[in-house]
Structure formats: C-alpha cells, structure tokens
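Here is a short report on one protein model. Look at the sequence and the structure first, then read on.

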Amino acid sequence: MSERSRSFPRKRESRAACWMVGVCRLGSPPSRGRAGYWSVRAAYAVATLLLILHATPAFAQGPHDILTYKGPDRAQRLIEGARKEGQVVIYSALIVNQAMRPIAEKFGKKYPFVKLAYWRADSEDITAKLSAEVRANNVVADVFEGTGVGEQVVEAGLALPYYTPAIAAFPVEYRDPNGMWTPTRLSYYSIAYNTRLVPADKVPKSYQDLLDAQWKGKIAWRTGSASGTPLFLTNLRLAWGEEKARAYFEKLKEQKIVNFGAGSARTLVDRVIAGEYAIALNIFAHHPLISKAKGAPVNSKLLDPVASTAATMGVVKGAKHPHAALLLIDFVLSKEGQEILLGADYFPADPAVPPAPMLTSVVPKLAGVPENFVGPDKLMKYTDSSEEIFRQMFR
C-alpha cells in the first residue's frame with residue numbers, strides 16, 4: 001500500500017451520515033485537474049451552509065428570545081408558549097378593585113390556560129421588591145407596571161427589552177426607543193384646593209399666584225415619591241431653565257410649604273378635603289374631580305405648564321413566563337385593556353381611547369393648557385438633582 005493510500009484510507013459512509021456531519025470522506029482526493037474533486041468540494045460547501053442555516057433557529061430560541069421576536073407567527077408562538085407556562089405574575093400600582101381584577105378576569109376569559117396573579121403596591125415598593133428578587137436569583141414577577149417604575153427598574157438593570165406591535169398606535173414621545181418599557185396610562189398633575197377655604201376668585205391660576213402671602217403655611221406637597229416634590233421641581237426646571245426655576249424656588253420656600261410624607265397622593269387630597277390644608281401641589285389631577293363628583297369640597301386647577309408622566313410596564317429580568325408576559329402586555333395595551341383603565345378613571349395611553357367626560361377638564365390638550373411631558377428618561381436624569389434642590393431649600 002502506498003503512503004498516499006495510507007494517509008487517505010477508503011471508507012464507505014452513508015449519505016445520511018455525510019449530510020449530518022457536513023463532510024464526506026470519499027477516499028483519496030483526486031488531483032485538482034479532475035472535475036470530480038471540485039464537485040465534492042461544492043457539495044461539501046452547500047451541505048455545510050445548509051447545516052448552519054438549519055441549526056441557526058435552534059440557537060436563537062432561548063427562553064427569552066421570544067421577547068423581541070417580530071415574525072408573522074408571533075401571536076401563535078406566544079399562545080403555544082403561554083400554554084406550557086400556564087401562569088403570569090404582575091406587580092402593579094393599579095387600583096385592585098377598579099383595574100387589576102377586571103384585567104385579570106377579562107384576560108382569563110381570553111386566555112383561560114394562563115393563570116394571572118398580581119401584587120399591588122406603590123411604585124417605590126415594587127422597585128424594591130423586584131431588586132430583592134433579582135439579587136436573590138428568585139424572581140417571582142414577570143411584568144411590572146406603575147408610574148416611576150419603568151425608569152427605576154431599567155436604571156437598576158432589572159428589565160429586559162421586548163417588542164409589542166401595539167406600541168405602533170401610540171405617539172412617538174410615549175415610546176422607548178430601546179424597547180425597555182411601554183406606556184399603559186398617563187397622569188396629569190395639578191393643584192388641589194378646598195373650595196370652602198379657597199374662594200373661586202382666589203384660586204391660584206399660575207405658579208406665581210402660589211407666592212401670594214395669603215397661602216403661607218397653607219400649602220402642602222408630597223415627599224418620598226418621584227411623582228411628588230421631585231416632579232414639581234423637575235417640571236419647572238425643564239420648562240423655565242435652571243436660572244429662572246431656581247429664582248422661583250427661592251421665593252416659594254418662603255411660603256413654608258408643609259412636607260407631607262404620611263401617605264399616598266390620594267391621602268393628601270383627603271387631607272385637603274378635611275380642611276387640614278387649603279392647597280396641595282402636584283396632585284394627580286383626576287383625584288379631586290372624582291371626590292368632587294361625590295360631593296366633596298375640592299377641585300383641581302391646571303397650571304401652565306402642566307407636568308405629565310406615563311405609567312409604564314415591562315418585563316422583569318429573569319422572568320419565568322416570557323410568553324405569557326407578552327400576552328399580558330399586548331392585552332393591557334389593546335383597546336380592550338385600555339378601556340378597562342378608562343373605566344377605572346385612568347387616562348389611557350392609547351390616543352384612540354378618549355378620557356372619561358368627567359375628566360376632560362384636566363387633560364391639557366382639551367383644556368387648552370400647555371403640557372410638559374416628563375418621560376421616564378427625563379425623570380431618571382433629573383430626579384436625583386431635584387431631590388437635592390428640595391433638601392437644600394425646603395427641608
């Protein structure tokens with residue numbers, strides 16, 4: 001046997017085996033001048049290319065790859081995956097009776113093979129709980145939702161990017177270019193005032209009116225929440241510029257504003273209704289209107305510019321039910337889901353779902369008052385420095 005024959009022993013292999021490994025040992029390689037050699041090489045190249053193309057989807061189908069999938073069969077894939085997962089968990093700041101329960105009921109009817117569990121808390125508590133779960137590698141939640149939650153969770157590295165076709169219907173300013181969150185509902189902020197303590201002709205109509213000496217010691221605002229004092233300060237810094245805003249804050253601090261940290265925004269409105277404070281700053285504008293409709297001595301007043309924010313939702317890093325998580329997100333952002341929020345007296349983020357007639361007076365676009373949308377990116381950028389201004393000037 002020649003040396004050449006020993007180096008390349010002839011050995012038969014099945015076509016199937018050759019296809020699977022992507023190479024066939026067909027005996028001694030012919031000389032370059034023979035057409036057969038190039039035919040073998042061409043067949044090898046084609047087989048290898050097909051093997052790579054065939055194998056690529058297997059590598060791309062990790063448990064969370066579905067989150068950014070945009071193929072035409074996305075809906076079917078979500079349903080098939082959610083059937084296997086069987087449940088989804090959301091941590092949300094939505095009111096339970098008016099919003100979360102109706103969402104759970106209608107979502108359950110649409111997807112009876114997915115059990116929806118929820119935990120309701122304020123935004124800051126949601127962020128803290130998610131952080132603890134991710135650090136402990138014991139993630140329970142799949143989806144988060146709330147005002148201020150999106151930017152906090154993203155900044156802490158606790159969220160995953162995802163895609164939902166529903167976002168195409170939303171204004172560009174309400175979208176995240178990085179796909180880390182989507183808006184669920186909008187919030188507009190106003191002053192709340194007790195109609196028995198503040199006569200109609202004395203109601204502040206501008207931020208300058210808040211400096212009137214008659215309101216000294218009679219104004220309160222919320223502390224301990226990103227949508228309280230930090231948002232009030234950030235709104236004016238963005239709208240007026242640092243120099244003008246700072247000059248205004250110097251005058252405002254002389255009003256001896258009461259720092260209210262004993263409860264939620266709703267609690268502060270209740271204190272205004274009780275007459276403990278004449279005016280509250282940076283209140284969710286619809287809260288006083290809801291109480292007013294029930295006969296309470298309270299009302300809202302928009303000031304130029306009106307701060308607005310968006311409650312956002314997203315997928316938690318380490319989510320165990322990514323398919324069901326996307327089904328839930330798609331549902332909340334759908335017309336059906338947005339109408340549930342409308343029925344709970346929220347402002348749907350989808351412009352195709354108009355606000356309740358009772359609340360139109362505090363929608364800036366409808367009331368003719370300029371709006372300053374403070375998106376999650378701006379809240380993230382300015383909240384810390386606004387809190388520092390608060391500590392320096394209003395503590």
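Which residue in β3 is the bridge partner of Tyr91? The partner is Phe144. Keep in mind that this is a predicted model.

Start with strand β1, which covers residues 87–92. This strand is mostly covered. Of its 6 residues, 5 are buried.

β1 pairs with two strands named here. One is β2, residues 115–120. The pairing of β1 and β2 is parallel and runs over 6 bridges. Find Ile90, then look across to β2: its bridge partner there is Tyr118. The other is β3, residues 143–147. β1 and β3 also pair in the parallel sense, over 3 bridges. The Tyr91 and Phe144 pair belongs to this second pairing.

## A β-α-β unit

Helix α5 spans residues 96–110. Together, β1, α5 and β2 form a β-α-β unit. The unit is right-handed.

## Phe232 in helix α8

Move on to helix α8, residues 229–240. Phe232 sits in this helix. Is Phe232 buried or exposed? Its relative accessibility is 2%, so Phe232 counts as buried. The cut-off for buried is under 20%.

What does Phe232 touch, leaving aside neighbours within four places in sequence? Its contacts are Tyr207, Trp221, Leu252, Leu281 and Asn282. Phe232 and Ala307 are 75 residues apart along the chain. Their C-alpha atoms are separated by 7.5 Å.

## How α8 packs on α9

Two packed helices are described by the angle between their axes and the distance between the axes. Helix α9 covers residues 242–252. α8 and α9 pack at an angle of about 140 degrees. Their axes are 7 Å apart. Angles over 145 degrees would count as roughly antiparallel. α8 and α9 are therefore oblique to each other. Their crossing is right-handed.

Which residues make the contact? From α8 come Phe232, Leu233, Leu236, Arg237 and Trp240. From α9 come Glu242, Lys244, Ala245, Tyr248, Phe249 and Leu252.

## His323 in helix α12

Finish with helix α12, residues 322–333. His323 lies in this helix. At 17% relative accessibility, His323 counts as buried, because the limit is under 20%.

Which residues does His323 touch, not counting those up to four places away in sequence? They are Ile66, Arg77, Leu78, Gly81, Ala82 and Glu85.

Key. Residues are numbered from 1 along each chain as its sequence is written. This is a predicted model: local features need pLDDT of at least 70, side-chain atom pairs count only at pLDDT 80 or more; totals for chains, interfaces and linings use all residues. Side-chain values use heavy atoms; hydrogens and water are left out. Buried means under 20% relative accessible area, exposed over 50%, partly exposed in between (1.4 Å probe, protein chains only). Helices (H or I, at least four residues) and strands (E, at least two) are DSSP runs, numbered from the N terminus. Two strands pair if DSSP finds at least two bridges between them. A crossover is right-handed if, with the strands pointing away from the viewer, the path from the first strand over the helix to the second runs clockwise. Contact means heavy atoms within 4.5 Å. Axes are lines fitted to C-alpha atoms, for helices over the stretch in contact, and angles run from 0 to 180 degrees between N-to-C directions. Angles under 35 degrees count as roughly parallel, over 145 as roughly antiparallel, 65 to 115 as roughly perpendicular and the rest as oblique. A crossing is left-handed if the near helix is turned anticlockwise from the far one by less than a right angle, and right-handed if clockwise.
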